[in-house]
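Me: I have a structure open and want to go through it step by step. Can you help me read it?

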Amino acid sequence: MQDFHKLKVWEKAHSLTLVIYSVTKHFPKEEIYGLTSQLRRSVFSIATNIAEGCGRGTKKEFSHFLQVAMGSASEVEYLLILAKDLNYLDESLYKNLSDNGIEIKKMLSSFILKLRTDN
């Protein structure tokens, strides 16, 4: 259907994934199977679902995968709050990561709406 590499929302999701992987390297070791793992899985799920949706045959299927990506982005949003509240992220880093996540959610929302109205 589409080349995901060309989508700005995928680029932003991929960039956020790279940053989250870098940041979580500094989380406490006892979080490796907890918060670190969950945050990494949820953030890469955003870009993964965008890519998978691009490989589907219909706009309806693509929209479904974008909706799943939106759910993952909401999960990331919460996990960043948790990481901040546990003092694993300082306020400025949290704000930057959170703002990027919210921007991705807005882009996904617009994309989903466009796919649904183009039918």
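**Salt bridges and helix packing**

Me: What kind of model is this?
Reply: This is a predicted model, where local features need pLDDT of at least 70, side-chain atom pairs count only at pLDDT 80 or more, and totals for chains, interfaces and linings use all residues. Residues are numbered from 1 along each chain as its sequence is written, and side-chain values use heavy atoms, with hydrogens and water left out.

Me: How many salt bridges are there?
Reply: The count comes to 5 salt bridges. A salt bridge here is a side-chain nitrogen of Lys or Arg within 4 Å of a carboxyl oxygen of Asp or Glu.

Me: Why would side chains pair like that?
Reply: Side chains of opposite charge can pair when their charged atoms come close.

Me: Which residue does glutamate 52 pair with?
Reply: Glutamate 52 meets arginine 56 in a salt bridge, at 2.7 Å from N to O.

Me: Are those two buried or exposed?
Reply: Glutamate 52 is partly exposed, at 34% relative accessibility. Arginine 56 is partly exposed too, at 29%. The cut-offs: buried means under 20% relative accessible area, exposed over 50%, partly exposed in between (1.4 Å probe, protein chains only).

Me: What about lysine 84?
Reply: Lysine 84 forms a salt bridge with aspartate 85, and the closest N and O atoms are 3.3 Å apart. Aspartate 85 is exposed, with a relative accessible area of 51%.

Me: And where are lysine 95 and aspartate 99?
Reply: Both lie in helix α4 (residues 91-117), 4 residues apart, about one turn of the helix. Helices (H or I, at least four residues) and strands (E, at least two) are DSSP runs, numbered from the N terminus.

Me: New topic. How do α3 and α4 cross?
Reply: The axes of helix α3 (residues 59-85) and α4 come within 9 Å and cross at roughly 165°. Axes are lines fitted to C-alpha atoms, for helices over the stretch in contact, and angles run from 0 to 180 degrees between N-to-C directions.

Me: What does that make them?
Reply: α3 and α4 are therefore roughly antiparallel to each other. Angles under 35 degrees count as roughly parallel, over 145 as roughly antiparallel, 65 to 115 as roughly perpendicular and the rest as oblique.

Me: Last one. Is serine 42 buried or exposed?
Reply: Serine 42 is buried, at 2% relative accessibility. Serine 42 lies in helix α2 (residues 35-54).

Me: What does serine 42 touch?
Reply: Serine 42 touches Ser72, Glu75, Val76 and Leu79, not counting residues up to four places away in sequence. Contact means heavy atoms within 4.5 Å.
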